[in-house]
Amino acid sequence: EGGEPPLDSESVVLITGGARGIAGRVTTGLAQRFGCHFEVVGRSPLPGAQEDEGFGSATNLVDLRRLLIETRPGDSPFEINAAARGILGAREIRATLEAVRGAGGSVRYQSVDVRSRRVFGRYIDQIYSERGRLDGVIHAAGVIEDKLLAHKTQESFDRVFDTKVLGAHTIAQHVRDDLRFLVFFSSISGAFGNRGQADYAAANDHLDQLAHSLAKT
């Protein structure tokens with residue numbers, strides 16, 4: 001506050017966590033304020049420009065489930081629920097990308113697994129190669145798979161922990177010294193814990209410690 005704005009219209013910002021939820025809102029807000037370029041990475045593939053005909057009348061999860069049950073009578077409840085959430089997610093991605101462009105910014109959305117240090121690191125290097133700069137990074141990617149530790153598999157623990165931790169370390173290793181800011185989206189669970197979130201709490205505590213460490217260098 002009171003200092004020089006961290007971004008301008010020429011800036012390039014990398015945001016993990018996709019174009020949905022809090023990551024999508026942050027991207028839209030920054031676009032409205034600065035109108036710069038955004039590199040957005042998420043787990044979901046980039047949806048098509050248009051939604052399948054017939055789903056437009058269903059505006060919420062309940063209506064989508066009902067419509068999908070009618071049109072896909074052979075699908076299981078799990079498949080119906082996944083399809084409905086996928087449609088809503090695709091709508092949110094489209095809305096965020098349209099909002100960024102409508103605010104005067106530009107955006108490229110890419111499906112990237114931030115747990116892969118090789119793939120994600122190569123993507124960061126590609127941004128520098130193509131854009132010549134990277135001004136800010138916001139690491140908002142996260143996965144929640146709440147279960148008591150006794151019922152959690154190693155694979156589930158790794159998905160939750162690695163999404164935050166490996167993604168953060170890859171960013172720290174690949175960004176250059178002229179980066180204006182680096183933000184990790186942590187959680188209060190990293191300080192106080194939460195029932196069923198041993199993996200999520202551990203990951204966020206690690207992000208806190210890494211942020212403190214980086215701030216001292």
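Me: How far from a polar atom of the side chain of Thr 153 does the backbone nitrogen of Ser 156 lie?

Reply: The model is predicted, so local features need pLDDT of at least 70 and side-chain atom pairs count only at pLDDT 80 or more, while totals for chains, interfaces and linings use all residues. Residues are numbered from 1 along each chain as its sequence is written, and side-chain values use heavy atoms, with hydrogens and water left out. A polar contact is a pair of N or O atoms within 3.5 Å; within protein, one must be able to donate a hydrogen and the other to accept it, and residues adjacent in sequence count only if both atoms are side-chain atoms. From the side chain of Thr 153, the polar atom lies from the backbone nitrogen of Ser 156 at 3.1 Å.

Me: Is Thr 153 buried, exposed or partly exposed?

Reply: Thr 153 is in the loop between β4 (136-139) and α5; helices (H or I, at least four residues) and strands (E, at least two) are DSSP runs, numbered from the N terminus. Buried means under 20% relative accessible area, exposed over 50%, and partly exposed in between (1.4 Å probe, protein chains only). The relative accessible area of Thr 153 is 42%, so this residue is partly exposed.

Me: Is Ile 69 buried or exposed?

Reply: Ile 69 belongs to helix α2 (residues 61-71). Its relative accessibility is 52%, and therefore Ile 69 counts as exposed.

Me: With which side chain does the side chain of Asp 199 make a polar contact?

Reply: Asp 199 is part of helix α7 (residues 198-215) and is buried because its relative accessible area is 1%. Leaving out residues up to four places away in sequence, Asp 199 touches Glu 145, Lys 152, Ser 156, Phe 157, Val 160 and Phe 161, where contact means heavy atoms within 4.5 Å. At 2.8 Å, the side chain of Asp 199 makes a polar contact with the side chain of Lys 152.

Me: The backbone nitrogen of which residue lies 3.1 Å from a polar atom of the side chain of Thr 16?

Reply: Thr 16 has its place in strand β1 and counts as buried because its relative accessibility is 0%. Apart from neighbours within four places in sequence, the residues in contact with Thr 16 include Val 41, Phe 120, His 139 and Ala 141. The backbone nitrogen lying 3.1 Å from a polar atom of the Thr 16 side chain belongs to Ala 141.

Me: How many residues line the largest pocket?

Reply: On a 1 Å grid over the protein atoms alone, a pocket is an open set of points where a 1.4 Å probe fits, with protein on both sides within 12 Å along at least five of seven lines; lining residues have an atom within 4 Å of a point. Elements that each supply at least two residues of this lining are α1 (21-34), β2 (37-42) and α5 (154-174). Gly 17, Arg 43, Ala 141, Gly 142 and Val 143 lie nearest the pocket's centre, and the number of lining residues is 27.
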